[in-house]
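User: I would like to learn how to read a protein model, one feature at a time. Can you take me through the one below?

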Amino acid sequence: MPRTTDFPDARRGDAATVLVSPWLVPAAALQRAAADSVLAEWEHRKRPDAMLALTTFLSTDGSHVLNYAQWTDDGAHREWARTVRPAAVGRIDAAITGIRRPGLIRYRRHRSHVPEGPGPRPAFLVTPAFATTGPDAQRALADTVVGTLDREPVPGLLGVHVHLSQDGARVLLYQEWAGASAWRESTGHGAAARLSATIQALEGVLPTPAVCAAPAPADPPTGEHPEARDVPDVPEVPDVPQYRLHASLLNIPAATAGTAATDGRQP
C-alpha cells in the first residue's frame, strides 16, 4: 500500500462510512510529522479489508492535520479502534507531544456534484460545515447544493461531495478546488455567492465550525471511543478550514471491490 499524492476517490460506492478526524498540533512545524506518523502506523502492519483508504491533509493555517478515512462498515472500524488504536496512538504521542484530538465524526457520502468532462486534478480542499436539525434538513441541504451547482457551476470548483453525519446533526461539504487562488477568487462572488445565499435561506441549516473544540474525555463525540483530550486552550481554527493534500494510502482499490462510484442521481 504505497503512499500516493492523489486525492481520495470520494465517490467510491463501497465506502459506506467516512471517518473525519482533525488532529490539532502545537506548532505548524509538527504538521508533517503528525501526518506521517498516522500513515506509518498503517503502512507496516496487517490491515483489515474493511479499511479502504486513508488520506491526510495539512491545514493552510498550520493548526491541524485532517484525517479522512474510508471504510466499508462501522463495525469493523470500531473493532479496530477497540483492539489496535490505543497502542498506535500511544506510539504517536510518545514521539510527538501535544497533539489534541477533538474526536472523529462518522459520515456517509450522500450526493456529489462533479462537472462533466475531463478536468485538472484537485489541488486544494475546503470543508464548510453546517449544523442541521435532522435527516430531512441534511437531505434538503444536499439536494440544494447539488441542484444549484448542476444549474450554475462555480469556476475552479472541481467537485463537491456532500457528507451527512450519521446522527443527523451535521453536513460536511468536501470541496475539491483547482487551487487556492480559484477558491479565493470565487468566494463571495457570482455563482458561489448565489449558492451561499440559497443555503442561508434553508430552514434547519446553520453554518458551524468544521473543527469543533475538544470535549472532555468523559463525553466523547457521537458515542465514539474517548480519543478527545480535555485541553482548554484549543488553538483558533478557521470556521471553514482550507487544506493541501499531504498523502494518501490506498488499501483496497475501488475497481477491485467492483462497486459503482455514483449515488443514483448525480455522479
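User: In which sense do strand β3 (residues 51–59) and β4 pair, and over how many bridges?

Analyst: First, the ground rules. This is a predicted model, in which local features need pLDDT of at least 70, side-chain atom pairs count only at pLDDT 80 or more, and totals for chains, interfaces and linings use all residues. Residues are numbered from 1 along each chain as its sequence is written, and side-chain values use heavy atoms, with hydrogens and water left out.
Now the general idea. Two strands pair if DSSP finds at least two bridges between them. Helices (H or I, at least four residues) and strands (E, at least two) are DSSP runs, numbered from the N terminus. Here β3 and β4 pair in the antiparallel sense, over seven bridges. Thr55 stands opposite Tyr68 in β4. The hairpin of these strands has four residues between them, and Gly62 there takes a positive phi near 80°.

User: Which strand do eight bridges join to β4?

Analyst: That is strand β2 (residues 17–24), and the two run antiparallel. Val18 has Gln70 as its bridge partner in β4.

User: How do I read the faces of a strand?

Analyst: In a regular strand the side chains alternate between the two faces of the sheet. Then check burial: buried means under 20% relative accessible area, exposed over 50%, partly exposed in between (1.4 Å probe, protein chains only). In β4, His64, Leu66, Tyr68 and Gln70 lie on one side, Val65, Asn67, Ala69 and Trp71 on the other, and all are buried.

User: Why is β4 said to be largely enclosed by the rest of the structure?

Analyst: Because eight of the eight residues of β4 (residues 64–71) are buried.

User: Which strands join β11?

Analyst: Strand β11 (residues 242–250) pairs with β1 in the antiparallel sense over two bridges. Arg3 has Leu249 as its bridge partner there. β3 also runs antiparallel to β11, with seven bridges. Leu54 stands opposite Leu249 in β11. Strand β6 (residues 124–126) is joined to β11 by two bridges, again antiparallel. In that pairing Leu125 stands opposite Tyr243.

User: Now helices. How do I spot a buried face?

Analyst: An α-helix has 3.6 residues a turn, so residues three or four places apart point the same way. In helix α2 (residues 74–83), the buried residues are Asp74, His77, Trp80 and Ala81. Seen down the axis of α2, they fall within an arc of 125° (taken over the directions from the helix axis to the C-beta atoms), so they line one face of the helix.

User: What covers the buried residues of α2?

Analyst: Contact means heavy atoms within 4.5 Å. The cover includes β2, α1 (31–43), β4, α3 (85–95) and β5 (105–113).

User: Which residue caps the N-terminal end of α2?

Analyst: Asp73 does: a side-chain oxygen lies 3.2 Å from the backbone nitrogen of Gly75.

User: How do I check the length of a helix?

Analyst: The expected span is 1.5 Å times one less than the number of residues. α1 has 13 residues and reaches 19 Å from its first C-alpha to its last, close to the 18 Å expected. Its buried residues include Ala34, Val38 and Trp42.

User: Is Thr17 buried or exposed?

Analyst: Thr17, in strand β2, is buried, with a relative accessible area of 1%. A polar contact is a pair of N or O atoms within 3.5 Å; within protein, one must be able to donate a hydrogen and the other to accept it, and residues adjacent in sequence count only if both atoms are side-chain atoms. The side chains of Thr17 and Asp74 make one at 2.8 Å. Not counting residues up to four places away in sequence, Thr17 touches several residues, among them Trp71, Asp73 and Tyr107.

User: And Ala16?

Analyst: Ala16 is in the loop between β1 (3–4) and β2. It is partly exposed, at 47% relative accessible area. Ala16 and Arg109 are 93 residues apart in sequence and 7.8 Å apart in space, C-alpha to C-alpha.

User: What does the side chain of Arg109 reach?

Analyst: The backbone oxygen of Ala10, at 3.3 Å. Arg109 also makes a side-chain polar contact with Ser112 (2.8 Å). Arg109 is buried, with a relative accessible area of 14%.
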